[in-house]
Amino acid sequence: MHIFFNCVNSPFKKYIFLKIFTFLFFLFFLLPTILFLGDFLFLDLSVLQESLHLIEQSAIPTLIVCAASSILSTALGFCCAFFLLRPTLPFRLFFFALVVSCLAIPLHVHACHWMILLGRNGLFTASIQKIFPDFSLYSIAGAVWITGISFSPLSAIVCIFSFVHSSNTGLADQTRLYLTPAQRFFWVLLPYRIWGALLSFLLVFLLSMGEMAVCDLLGIDTLGRQIYLFLSLYYRPDMAILMSIPILFIAILVCLFFPFLLKKEKDSLPGSIPRWGNIFPQKPKKTIFWIFPLVFCMPYILSLPVLLLAIGNIQNLYHTYFSLAQEFWHSFALSIGSSFLILSLAMPLSWMVLRKLFPRNFFFLVMLWIAILPSPLTAIGVLRIFTQASDIPFVSDLFLFLRDTDAILIMGLFIRYFPFVFLVCIVGMIYLPIQLEETASLFGYSRLQQFFYVVLPFSKNVLLLAFFTGFLLCLFDLNLTLLLVPPGITTLTIRIFTLLHYGVRSDVAIASLFLIFMAFCVILAGCFIFFQVSKYSKSLSEK
């Protein structure tokens with residue numbers, strides 16, 4: 001521990017309380033992983049032998065679904081990013097906002113949409129089965145299709161931010177004379193952007209690895225579904241831990257590979273890093289390339305009329321709202337409270353990391369591990385915290401009480417989504433001029449006063465954007481809350497997931513529309529704030 005604290009710079013050494021806070025902070029975020037590994041090491045060998053055959057059966061469908069859906073979403077997202085960043089594309093800002101708005105439809109709502117169209121007694125199922133008699137959505141191909149299409153907007157956004165820094169401008173200008181846009185895409189752009197596509201692939205792969213809802217609805221025996229069944233239905237936490245070991249192993253490999261990937265992404269850019277818009281003519285013109293972003297967004301656009309069609313009549317909307325009002329407002333309050341707690345810690349920590357008051361390298365390593373750790377593993381770790389704390393004298397009654405309240409959900413959401421909100425905060429605060437704080441220090445302001453009187457007033461838009469990000473992540477979460485939800489408590493996402501097992505009815509469609517509407521309003525506000533932050537950072541860079 002002494003060596004660890006000596007590796008940081010001098011401002012950190014001046015504050016003893018920061019050392020204590022640092023130790024407690026890292027202990028809190030790493031405790032679920034530590035307890036998870038401890039339970040695995042002390043498992044009975046007979047349980048291990050019992051689960052080996054089940055792991056082998058579930059691992060193959062899991063890898064197929066994750067790999068195929070990652071390839072599908074990355075391919076669609078890569079092509080969409082290529083067309084969206086062409087300055088010749090008309091209405092480019094509109095299409096970019098449309099792609100971002102597609103994030104308002106979570107994965108289980110996508111499953112509802114496709115089950116209405118292609119599920120049992122679906123609108124197009126009978127017509128397709130006349131041509132393909134063996135067609136069925138309830139298969140590995142169906143899980144790949146729903147998962148891949150659902151994660152495509154996320155892949156597109158990852159690729160867009162990767163494409164912001166593009167290949168060498170001189171090389172692109174030379175090849176423009178004798179290569180078509182398609183040839184430049186495959187021979188000039190793709191070799192320099194392959195690492196960004198790989199980053200999108202790994203992100204979707206890990207998210208698919210921890211996905212339980214779609215595979216459970218379609219009856220695909222994946223590792224995520226086995227974890228859900230053993231933990232929530234069979235009450236076998238030991239078997240759930242063993243089912244999580246392959247997922248943990250893959251997460252460790254990705255965590256070790258990720259720094260290498262970022263280095264290759266940086267090294268793939270020769271010389272200076274130009275803007276990608278320099279490759280193509282800057283003046284927008286008529287082109288047929290606007291068709292691809294429109295086709296890309298079409299499954300998400302069509303989901304709204306499909307869900308509206310399943311409602312039936314207005315009376316169903318009225319009655320379903322009153323039957324789901326408790327879950328609706330409970331999910332809203334839970335997301336608000338969790339995102340507020342996350343932001344209250346993420347904002348000061350991002351400032352401390354940028355100002356080198358906090359150990360950077362180890363901090364980013366821990367945040368990377370928490371971000372890539374799939375939700376089922378985080379849920380198992382949080383459950384083990386409450387189980388172990390219930391055996392401690394003097395606090396056992398407190399943790400037994402908290403286990404049956406929203407406290408366990410808030411703790412799980414806090415640990416799971418803190419790295420993502422922290423990333424938004426630290427990216428938004430990079431453009432905050434340090435001269436403002438230096439001027440405040442000359443007037444005798446302490447570090448705490450500089451944060452409250454200088455940093456926060458100039459970071460209002462970043463605060464709102466980070467809050468909206470945390471709100472959406474907590475609102476859409478299903479894999480974590482499904483494993484942590486106490487008896488007698490439910491959320492809107494869990495209610496939708498439960499009702500989908502009985503078929504797609506009007507109440508499922510209405511609940512999905514409620515969720516989409518709430519998320520769409522937040523995303524519109526987030527897009528507006530994002531453009532405000534971009535204008536502010538651009539004005540600072542010009543000065």
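Predicted model: local features only at pLDDT ≥ 70, side-chain atom pairs only at ≥ 80, totals over all residues.
In which hand does H16 pass H19: left-handed or right-handed? The crossing is left-handed.

Two packed helices are described by the angle between their axes and the distance between the axes.

| Pair | Axis distance | Angle |
|---|---|---|
| H16 (residues 360–372) and H19 (residues 407–429) | within 8 Å | roughly 125° |
| H6 (residues 107–118) and H24 (residues 492–500) | within 10 Å | roughly 30° |
| H4 (residues 45–84) and H12 (223–233) | 8 Å | about 130° |

Let's go back to the opening pair. The axes of H16 and H19 cross at roughly 125°, and that makes H16 oblique to H19. On the H16 side, the contact is made by Phe363, Phe364, Met367, Ile370 and Ala371. H19 answers with Ile415, Arg416, Phe418, Pro419, Phe420, Phe422 and Ile426. Sort the residues of this contact by class and you get 11 nonpolar, no polar and 1 charged.

H6 and H24 are another story. Their axes cross at roughly 30°, so the two helices are roughly parallel to each other. This crossing is left-handed. His108, Cys112 and Met115 come from H6, while Thr493, Ile496 and Leu500 come from H24. The class count here is 4 nonpolar, 2 polar and no charged residues.

Then there's H4 with H12, packed at an angle of about 130°. That makes H4 oblique to H12. Leu54, Ile55, Ser58, Ala59 and Thr62 in H4 meet Leu223, Gln226 and Phe230 in H12. Their contact divides into 5 nonpolar, 3 polar and no charged residues.

**An open space: the second largest pocket**

Rolling a probe the size of a water molecule over the atoms shows where empty space is left. One such space is the second largest pocket, with a volume of about 580 Å³. Its lining takes in 27 residues, and those nearest the centre are Leu231, Ser232, Tyr235, Arg403 and Leu483. Some helices from the packing section turn up again here: H12 and H24 are among the elements that give two or more residues to this lining. So are H17 (375–389), H18 (396–403) and H23 (479–484). Which helix gives the most to the lining of this pocket? That's H17, with 5 residues. By class, the pocket's lining has 17 nonpolar, 6 polar and 4 charged residues.

The largest cavity has a volume of about 70 Å³. Its lining is made up of Ser331, Leu334, Ser335, Leu413, Cys474, Leu475, Asp477, Thr481, Thr491, Leu492, Thr493 and Leu515.

H15 (314–354), H22 (460–476) and H24 each supply at least two residues of the cavity's lining. H15 gives the most, with 3 residues. The classes here come out as 6 nonpolar, 5 polar and 1 charged.

Methods:
Residues numbered from 1 in each chain as written. Heavy atoms only, no water. Axes fitted to C-alpha atoms, helices over the stretch in contact; angles between N-to-C directions. Helix = DSSP H or I, 4+ residues; strand = E, 2+ residues; numbered from the N terminus. Parallel < 35°, antiparallel > 145°, perpendicular 65-115°, else oblique. Left-handed = near helix turned anticlockwise from the far one by under 90°. Contact = heavy atoms within 4.5 Å. Nonpolar A, V, L, I, M, F, W, Y, C, P; charged D, E, K, R; others polar. 1 Å grid on protein atoms, 1.4 Å probe; cavity = no way out; pocket = protein on both sides within 12 Å on 5 of 7 lines; lining within 4 Å. Points joined across faces, edges and corners; volume = space filled by probe spheres on them.
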